[in-house]
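User: Hi! Could you walk me through this one?

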Amino acid sequence: MVITAEELRLRLGAVPDPELPWVTIEDLGVLRSVFLHDERAVVEITPTWSGCPAMDAICDSIRQVLNEAGFGPENIEINTNYSPAWSTDDITDAGRHKLARAGIAPPRRPAEHPRGATSCPRCLSGGVRQVSEFGATPCKALMVCQSCLEPFDRFKEL
Amino acid sequence: MVVTGTSEGGADRLAGVPGSSLFRYVLYHADDNLILAQRLAEWISRAHDLEEDIALANIALDLLGRARMLLAYAAQLEGKGRSEDDLAMFRSEREFTNLLLVEQPNGDFAHTMVRQFFFDAYQLGLWKSLIRSADSPLAAIAGKAIKETRYHLRHSSHWLVRLGAGTTESRRRTQRAIDGLWRFVPEMFEPDEVSDPLADAGIGACPNRLQPAWDLCVQDTFSTAGLLLPDDPFSRSGGRSGFHTEHLGYLLAEMQWMQRSYPGMQW
């Protein structure tokens, strides 16, 4: 088995988020590092929202990719790192574009003191209203566009 | 789940503090979050509108996620081979160290929101303090928790204003909830044998020092909402030592029965 850490990172980076399948764990900034120590693959990830159930599915997908790359269960180490805490500022530009294309308004930046306004991902109107700060997944708020009247999700700043 | 925070573990930092103290301290806060998550989950499919149902479920999930991080860390600190699930599912009522506030039944929506608001305001101060903890895994968990807590507190404080300044009936019910839950407030700020030495060591938060910011937050919201601070001197405590109100046993029976009936089962 000859695989470099870079190649492995590319493959792991392509793992999709199970609840937002348009974006990968690389886009989201969930994948922090990939190291090879002798025969072992050491992967470090960070959770988005603390209770996000997608993390378990992501770990399973990571194991599967590593398995296919020839790593047995005894040679796989997945560590969860909480520090520094994940922030929506960790989402890459590519990830933000993909979210917008999927109809989810990307989070504003910087997450601590967001600037700018959210616009409707469908008609781009700035006339939008928040229906609820809590949406279908922990990371999203429910919005509605007052121009095209379509409801949409907004990725919450964290 | 392995908590890696940073390379420095908590154990090296515990000079002058008994080794089991940090375990107990982490467990206090894990239990608070676990029990309240369970209470909030009881609302699922019962809230007055779909958005609120989703909001309560989301908050429950955040608290559960936080409880899992803390329980996993506690299990690691204990080092006796117990897992986060063992700590959640195979401890009895006397071994749970949550605050009495969080185990109180949901009551009506006003009652749930008042309980939540009291807790959210407490959590904000707690995480603000623990973010500077000398114990890096605890500081890392605080760094995650604080951001979510701001969302929770905004949600519960907005509801308090809406209910307090709403109709006569919503105001009456909210004030009734405040008067009923007030007796559980002092416990949050009570000194105890675990928290205070850890606070002195720069690891924990001194419960007593969390009170001024909490008072300010509550006074501010109450005055906007037109709600009154009770002057009831009666208080109850004992949760941190495992002495609970009658309600916790029923909650645990429901939460744990599957694992107790079929130990180790998975789905």
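Analyst: Happy to! This is a predicted model, where local features need pLDDT of at least 70, side-chain atom pairs count only at pLDDT 80 or more, and totals for chains, interfaces and linings use all residues. Residues are numbered from 1 along each chain as its sequence is written, while chains are lettered from A and ligands numbered from 1 in the order in which they are written.

User: What is the secondary structure of chain B?

Analyst: Chain B has 10 helices and zero strands (DSSP runs: helices are H or I, at least four residues; strands are E, at least two; both numbered from the N terminus).

User: And what radius of gyration does chain B have?

Analyst: Chain B has 18 Å, which agrees with the value near 18 Å that a compact globule of 267 residues would have. That radius is taken over C-alpha atoms, and the globule rule is 2.2 Å times the number of residues to the power 0.38.

User: How much of chain B counts as buried?

Analyst: Of its 267 residues, 47% are buried, meaning 20 or more other C-beta atoms, placed from the backbone, lie within 10 Å of a residue's own.

User: Switching topic, how many residues does each chain bring to the contact?

Analyst: Chain A brings 19 residues and chain B 26 residues, with contact meaning C-beta atoms, placed from the backbone, within 7 Å.

User: Which elements of chain A give two or more residues there?

Analyst: Those are β3 (76–80) and β5 (128–132) of chain A.

User: Back to chain B, what does B:V26 touch?

Analyst: Leaving out residues up to four places away in sequence, B:V26 touches B:L70, B:Y73, B:A74, B:L77 and B:L138.

Conventions. Contact = placed C-beta atoms within 7 Å. Buried ≥ 20, exposed ≤ 12 C-beta atoms within 10 Å, placed from the backbone.
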